[in-house]
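My notes follow the order in which I looked things up.

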Amino acid sequence: MRISDLIIMGLRNLSRRKARTALTVVGMVIGTISIVVMVSIGIGMNETFTKSVMENGSMTIISIYKDSYVENENGNYQSIEQKMNDALVEQIKDIEHVDAVTPIYNKYVQLTSGKYQSGMELIAMDCAAMPKFGFPELKEGEYPTAENNQIILIGAEAMRDFYYFSGRTVKQKTIELGKDKVSFTFQEYQVNEKKKPVTVTLNNYALFAETQDYRYNYCSYIDLEYFKSLYTKYAATLKAEDRKKALASLENYEEIRINVDNMKNVMDVQKTIEAMGYKCESDMQYLNSMLETSNMLQMVLGAIGLVAMLVSAINIANTMVMSIYERTKEIGIMKVLGCYIRDIKKLFLFESGMIGLIGGTLGIGCSYLASYYINKYGGNLLSSIMPGGGYYTEEGAKFSQIPIWLPLAATLFAIVVGVLAGYIPARRATKISAIEAMKTDG
């Protein structure tokens, strides 16, 4: 039997039983939609989560905090204080794959501009290491250097919300550096009344360009050595007891930040640091655990789609079995006329495969439509079941993504399912006796 004859006969047989064929195709459409949409949601959630986490922070950065939490024998978390000094910094620098290390102080300072006041988080770190930690572009000015380390990097939003009390009302103002005079003072301890407070005027500064990272929008950065000199002067204005506390705080860093040469090596470096007895954190450790959850969710969604496709396969098999019972005499005639057994099998396999092709093609089209509505209306629901409860999810994220390979794979899978579902009925058709088939009334 020629291929053209096979195609014509197969399509004619399908068209003769339009209602049954249509219902079987609908089942395959539903199965294809289920598997494509479920897989696309898994892919979309995985990629959305990964992208959001990576934009939230660098995947190559490890942080050791002075105040950390560890799990005790009872499964409860307790606070511990980790001693971090220059000796530890030098020790970390010698670890393989460590690209840069900087100790960090973090202080909250009071900003003043005339009668207006505000606050700002001031982070002190080694200016030579700043380029290694993914700092954003500058809107104005330049980064501090070893030769000019007195440049203070100001966050894009740090000068907003200056205020002062006027009677019962609060007046606010956004400060413009260069136009408004701004200074800051340390306020950790109360200054001795006999001493003059240390006030730093923001004349030598640079402005960060606005980013999505709060660390560069609302925080400001200062060189470590310059900060130490300012804070030492501030400590000299304090009472004796507070002065000792202030100077002692400089002996123990509040954070040590490490940049690793490649994100693949982050967990190895982190394990080395933990083996030294220090608790440390990185975005990569959270990404790995949450990606495992996301991948498991993707597998569950894919399994739901496979179940729907399995039901469709059973429906196709049932349709083909019924077709064989109704066409028993036709099969007998084909055998009497000398048709090869393999041609009869090919005919039924072609018909079941065509049901899979038609259902898969229509299902792909419907899947794109379903994906559109999921992204438009289903964001709140899907973000709530994502790893992290949607904390890392940005607004307008696409939770259903259909890459180019997915519709192609789904269509091929639908055809294969159709052919496999029709294989047993087709084989049954070849085993029908020609003599017995000619006796039937079908």
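My cut-offs: buried is under 20% relative accessible area, exposed is over 50%, and partly exposed lies in between, with a 1.4 Å probe and protein chains only. Lys 83 is exposed, at 56% relative accessible area. I found a salt bridge between Glu 81 and Lys 83, with the closest N and O atoms 3.5 Å apart. I counted a salt bridge when a side-chain nitrogen of Lys or Arg lies within 4 Å of a carboxyl oxygen of Asp or Glu. Side chains of opposite charge can pair when their charged atoms come close.

A note on the source: this is a predicted model, where local features need pLDDT of at least 70 and side-chain atom pairs count only at pLDDT 80 or more, while totals for chains, interfaces and linings use all residues. Residues are numbered from 1 along each chain as its sequence is written, and side-chain values use heavy atoms, with hydrogens and water left out.

**Lys 107 and its partners**

I looked up Glu 188 next. Its salt bridge goes to Lys 107, with the closest N and O atoms 3.1 Å apart. The pair links distant parts of the chain, 81 residues apart. Glu 188 sits in the loop between strand S10 (183-186) and strand S11 (200-201), and Lys 107 in strand S4 (residues 98-113). Helices (H or I, at least four residues) and strands (E, at least two) are DSSP runs, numbered from the N terminus. Glu 188 is partly exposed at 41% relative accessibility. Lys 107 is buried at 8%.

Glu 254 also forms a salt bridge with Lys 107, at 3.4 Å from N to O. This pair is 147 residues apart, with Glu 254 in the loop between helix H6 (240-249) and strand S14 (255-260). Which residues end up in one network? Shared partners join Lys 107, Glu 188 and Glu 254. I noted nine salt bridges in the structure.

**Helix packing**

How do H10 and H12 pack? Helix H10 (residues 341-377) and helix H12 (residues 405-430) pack at about 150 degrees, with axes 7 Å apart. Axes are lines fitted to C-alpha atoms, for helices over the stretch in contact, and angles run from 0 to 180 degrees between N-to-C directions. H10 is therefore roughly antiparallel to H12; the cut-offs are under 35 degrees for roughly parallel, over 145 for roughly antiparallel, 65 to 115 for roughly perpendicular, and oblique for the rest. The residues of this contact divide into 15 nonpolar, nine polar and one charged. Ala, Val, Leu, Ile, Met, Phe, Trp, Tyr, Cys and Pro count as nonpolar, Asp, Glu, Lys and Arg as charged, and the others, Gly among them, as polar.

Helix H9 (residues 328-336) packs with H10 at about 145 degrees, with axes 10 Å apart. Ile 331, Met 334 and Lys 335 in H9 meet Ile 341, Ile 344, Leu 347 and Phe 348 in H10. I took contact as heavy atoms within 4.5 Å. The H9 and H10 contact has six nonpolar residues, no polar and one charged.

**Backbone and totals**

His 97 is not a glycine, yet its phi is positive, near 80 degrees. I located His 97 in the loop between helix H3 (86-93) and S4. Asp 161 also has a positive phi, about 60 degrees.

The protein chain has 13 helices and 15 strands. Buried residues make up 45% of its 442 residues.
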